Amino acid sequence: MSKRGRPRNRLVPLPESDPEPVGLECICQRQYRSYQCTKCGKHFHGRLAEICKSHSSVSYLMDFRCCPYCAADTVFITQSDLSKEAILKRNAIN
Ligand SMILES: [Zn+2]
Ligand SMILES: [Zn+2]
């Protein structure tokens, strides 16, 4: 009879911090939102152009760099509560 060592459950040490650095957040997949231009009052749906910290060389052509109606700078653009449908309806009437 051979003496076996006590079966030991190997404890996997919990990592104290995440192994992969998640400090840099990726905003490439962010949601489309509704916006309103405070200069011309128009609403629109999409995304404001922002530089992703993780992919600073990537830019999305569809993102707004200014108001699509009056070309106001993004500082004049605020988030809107309107739904995409409401915006489409509004813009169809105007
Ligand atoms: Zn990204
Ligand atoms: Zn505008």
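This is a predicted model: local features need pLDDT of at least 70, side-chain atom pairs count only at pLDDT 80 or more; totals for chains, interfaces and linings use all residues.

Modeller: Residues are numbered from 1 along each chain as its sequence is written, and chains are lettered from A and ligands numbered from 1 in the order in which they are written.

Colleague: In what order do the three strands form the open sheet?

Modeller: Strands here are DSSP runs of E with at least two residues, and helices are runs of H or I with at least four, both numbered from the N terminus. Two strands pair if DSSP finds at least two bridges between them. Strand β1 pairs antiparallel with β2 over four bridges, and three bridges join β1 (residues 33-37) to β3, also antiparallel. The order in the open sheet is therefore β2-β1-β3.

Colleague: Which strands stand at the edges?

Modeller: A strand with a single partner has one side left without a neighbour in the sheet. That applies to β2 (43-46) and β3 (77-79).

Colleague: Is Lys42 buried or exposed?

Modeller: Lys42 lies in the loop between β1 and β2, which form a hairpin with five residues between them. A residue is buried if 20 or more other C-beta atoms, placed from the backbone, lie within 10 Å of its own, exposed if 12 or fewer, and partly exposed in between. Lys42 has 20 C-beta neighbours inside 10 Å, so Lys42 counts as buried.

Colleague: Which residues does Lys42 touch, not counting residues up to four places away in sequence?

Modeller: Contact requires C-beta atoms, placed from the backbone, within 7 Å. With that criterion, Lys42 touches Cys37, Cys67 and Tyr69.

Colleague: Which residues make up the largest nonpolar core?

Modeller: A nonpolar core is a set of buried Ala, Val, Leu, Ile, Met, Phe, Trp, Tyr and Cys residues joined through C-beta atoms within 7 Å. The largest such core has five residues: Tyr35, Cys37, Phe44, Cys67 and Ile77.

Definitions and conventions:
Two residues are in contact if their C-beta atoms, placed from the backbone, lie within 7 Å.
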